[in-house]
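Hi everyone, thanks for making time this morning. I'd like to talk about aromatic rings today, so let's bring the structure up on the screen.

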Amino acid sequence: MRPSRFILNSDYATLKNDAEGVVQLTVPGLVNIPAGGANVVYKATLQIGSPSAGLRSYVTSSKYNYALSSPSFFLACKQDGYDSSASVDISRNGLLIELRVTFAAGYGQATQYTDMGQTLTLHAETFVDPFQV
Amino acid sequence: MARLRDRFIFNSDYPIDKIVWLKEGQVQMQLGSTGDDPIEIAHDLGVQLYVNGVWTIDNWATTYTFNASRIDGQGYAYQSLLAATASKVYVSGQHAQGGTSTFKYRLWGFLSEDATKGIPAKRTAGWSGNKLVLSTDHDYPMLCKEGVATPGTTITHALGDIPYVDVWGRSPYTNYGYSTISNDSFGQVYGMGELVQIDSQKILFRNDSTQYDSYYYRIYMP
């Protein structure tokens, strides 16, 4: 029977890409957090790949004409009229890749975030766990 | 004498990543601190190593890539550092929630393509998942370009689409060598500035920030 697969082997390790996906998250242009309120978190999830595997990603924004490849970064905005930022992080919870944007609550006071309305698009590719036995 | 057509030659214009160093381990992390000094892991490759990996504090229920910081609950943050020189790898983490936690990590390291000569592949034996078995079951990231750039430099890749890019930066304030980058931003934030802007034609390593004095980058085919 003719073999159906071509296989080439090397002793060097590499990262095997097993899945790729895209997810979008829209952040509103206005967030009000009342006095004593909790952080406000927006998130979008993407289910691809295998758990605890490596991840390579980049994020684009409808507000900017370039992408960032960092797994966590900041979004410039205004907080109560002053320059501030929201925190953005990418994590993996089981099979779910989460893109989260967090607006921190004020210290016991009401606070308002503005000027950050945009849509973030996460492009992610995952790899077979290189520590798989 | 064998004819040339009898020889099988597998050829590509794009190198496939070669991992030359793998390490997994764990360390008890004191939470609530501003971060302990990084643990040091010696490697004997003798050339600059560029490491990446994943970490967890809940036994791999949730995983993060390195230099991912997270604001959680009422402002509690996870932060991590992963860096390497020509002789050591540095790993640290912190968590502002209090108590202690087991910080587990899995790391893999690359050399620059120019430096791979003479590095025995046996250094990565031990895990079947890491072996390069080139088959049609997986897609292998194709490395288009790699190199070192200084802040203020633009690298043209002209791929026509935004590529995946791994970037490490070297801080002038530490002896930890090249680390995965952090504190990047969309827009100017507290004067930190954006660090690495990627588009469909080029990568701009900005000089707004003094956080890094040079970058090592690996650009993969989109």
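Counting over all chains, there are 19 aromatic pairs here. Do keep in mind that this is a predicted model.

Let me begin with A:Tyr58 and B:Tyr164. Their ring centres are 5.1 Å apart and the planes meet at 65°, which is over 60, so we call this pair edge-to-face. What I like here is that the pair crosses between chains. On one side, A:Tyr58 belongs to strand S5 of chain A, residues 55-61; on the other, B:Tyr164 belongs to strand S12 of chain B, residues 164-170. And are these two tyrosines buried or exposed? Both A:Tyr58 and B:Tyr164 are buried.

Now stay with strand S12 of chain B, because B:Trp168 sits there too and ties it to strand S8, residues 100-110, through B:Phe110. Those parts are 58 residues apart in sequence. The rings of B:Phe110 and B:Trp168 have centres 6.5 Å apart and planes at 70°, so here again the label is edge-to-face. B:Phe110 has 0% relative accessibility, so it counts as buried, and B:Trp168 is buried with a relative accessible area of 0%.

If you zoom out from that pair, you'll see a cluster: ring pairs link B:Phe110 and B:Trp168 with B:Tyr50, B:Tyr178 and B:Tyr216.

Finally, a word on arginines. A:Arg56 lies over the face of B:Tyr220, 3.7 Å from the ring centre. Within chain B, B:Arg106 lies over the face of B:Trp60, at 4.2 Å from the ring centre.

That's my tour, and I'm happy to go back to any of these views.

Key. Residues are numbered from 1 along each chain as its sequence is written. Chains are lettered from A and ligands numbered from 1 in the order in which they are written. This is a predicted model: local features need pLDDT of at least 70, side-chain atom pairs count only at pLDDT 80 or more; totals for chains, interfaces and linings use all residues. Side-chain values use heavy atoms; hydrogens and water are left out. Rings of Phe, Tyr and Trp (its six-membered ring) pair if their centres lie within 6.5 Å; planes under 30 degrees apart count as stacked, over 60 as edge-to-face and the rest as tilted. Helices (H or I, at least four residues) and strands (E, at least two) are DSSP runs, numbered from the N terminus. Buried means under 20% relative accessible area, exposed over 50%, partly exposed in between (1.4 Å probe, protein chains only). A charge sits over a ring if NZ of Lys or CZ of Arg is within 6 Å of the ring centre and within 35 degrees of the ring normal.
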